[in-house]
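Please read it with the coordinates open.

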Amino acid sequence: MIGILVVTHGNFGKELLKSAELIIGDQENVKTLSLNRGDNIEELYSCVNKQIEQLDEGEGVLVFTDLFGGSPSNVTAANMEETYFESLSGVNLPMLIEALDLRVNNNLKELVNKVLKAGVGGIKDIRSELQIASDSI
């Protein structure tokens, strides 16, 4: 099973995982790490590295971050220089659910491609999708 790590500012990752589990049930081999005000970046770097090692059961690890260019993303990217894993930024609930649902029957590269599509595909203009006229308000 592909391991999943979610690294975010504040409790966003923890709450995102709780929301995903509310929809699809409890999950194994998933961890979250939070960066809070005053936290040490080097410590986060070490924690990311340690969690990736623990989550890798031989099929790889997919790391999600919240904001490209933010500290969680930068620390994750820095770990890519010494450890092999895949990472996607801009995590949202459709991406996480897709990853959790498909990680058993796909290899890591296939999973990354499917999760990217789910993330972008989950963004909708509700008025347009439901064809609700804007002049009806």
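This is a predicted model: local features need pLDDT of at least 70, side-chain atom pairs count only at pLDDT 80 or more; totals for chains, interfaces and linings use all residues.

1. The protein has six helices and four strands. Along the sequence, the order of elements is β-α-β-α-β-α-β-α-α-α.

2. Overall dimensions. The C-alpha trace spans about 55 × 40 × 25 Å along its principal axes. Of the 137 residues, 40% are buried. Take the contacts with a separation of 6 or more: 74% of them join residues 24 or more positions apart.

3. Main core. How many residues does the largest nonpolar core have? It has 20. Those with the most contacts inside this core are Ile4, Leu62, Phe64, Leu88, Leu96, Leu100 and Val115. Strand 1 (3-9), helix 1 (12-24), strand 3 (61-65), helix 4 (93-102) and helix 5 (108-121) each give two or more residues to the core. Helix 4 supplies the largest share, five residues.

4. Leu88 and the second core. Leave out residues up to four places away in sequence, and Leu88 touches Leu62, Val63, Phe64, Thr65, Met95, Val112, Val115 and Leu116. There is also a second, separate core of 12 residues. Its members include Leu5, Ile52, Val63 and Phe85. Note Val63: this residue belongs to the second core, yet Val63 is also in contact with Leu88, which is in the largest core.

5. Helix pairs in general. Two packed helices are described by the angle between their axes and the distance between the axes.

6. Helix 4 with helix 5. The two axes come within 8 Å and cross at roughly 150°. The cut-off for roughly antiparallel is over 145 degrees, so helix 4 is roughly antiparallel to helix 5. The crossing of helix 4 and helix 5 is right-handed. On the helix 4 side, the contact uses Pro94, Met95, Glu98, Ala99 and Leu102. Helix 5 contributes Leu111, Lys114, Val115, Ala118 and Gly119. By class, the residues of this contact are seven nonpolar, one polar and two charged.

7. Helix 1 with helix 4. Here the axes come within 10 Å, and the crossing angle is roughly 60°. At that angle helix 1 is oblique to helix 4. Helix 1 passes helix 4 in a right-handed crossing. Helix 1 makes the contact through Leu16, Leu17, Ser19, Ala20, Ile23 and Ile24. Helix 4 answers with Leu93, Leu96, Ile97 and Leu100. The contact of helix 1 with helix 4 divides into nine nonpolar residues, one polar and no charged.

8. Helix 2 with helix 3. Ile41, Leu44, Tyr45, Val48 and Asn49 of helix 2 meet Ser71, Pro72, Val75, Thr76, Ala78 and Asn79 of helix 3. The residues of this contact are seven nonpolar, four polar and no charged.

9. Asn29. Please look at the backbone here. Asn29 has a positive phi of about 60°, although it is not a glycine. Asn29 sits in the loop between helix 1 and strand 2 (30-35). Is Asn29 buried or exposed? The relative accessibility of Asn29 is 15%, so Asn29 counts as buried.

10. Gln131. Phi is also positive at Gln131, about 50°, and Gln131 is not a glycine. Gln131 lies in the segment after helix 6 (126-129). Gln131 has a relative accessible area of 72% and is therefore exposed.

11. Glu28. Glu28 is placed in the loop between helix 1 and strand 2. With 61% relative accessibility, Glu28 counts as exposed, whereas Asn29 counts as buried. What does Glu28 touch, not counting residues up to four places away in sequence? Met1 and Arg103. Glu28 and Leu108 are 80 residues apart along the chain, and their C-alpha atoms are separated by 17 Å.

How values were computed
Residues are numbered from 1 along each chain as its sequence is written. Side-chain values use heavy atoms; hydrogens and water are left out. A nonpolar core is a set of buried Ala, Val, Leu, Ile, Met, Phe, Trp, Tyr and Cys residues joined through side-chain atoms within 4.5 Å. Buried means under 20% relative accessible area, exposed over 50%, partly exposed in between (1.4 Å probe, protein chains only). Contact means heavy atoms within 4.5 Å. Axes are lines fitted to C-alpha atoms, for helices over the stretch in contact, and angles run from 0 to 180 degrees between N-to-C directions. Angles under 35 degrees count as roughly parallel, over 145 as roughly antiparallel, 65 to 115 as roughly perpendicular and the rest as oblique. A crossing is left-handed if the near helix is turned anticlockwise from the far one by less than a right angle, and right-handed if clockwise. Ala, Val, Leu, Ile, Met, Phe, Trp, Tyr, Cys and Pro count as nonpolar, Asp, Glu, Lys and Arg as charged, and the others, Gly among them, as polar.
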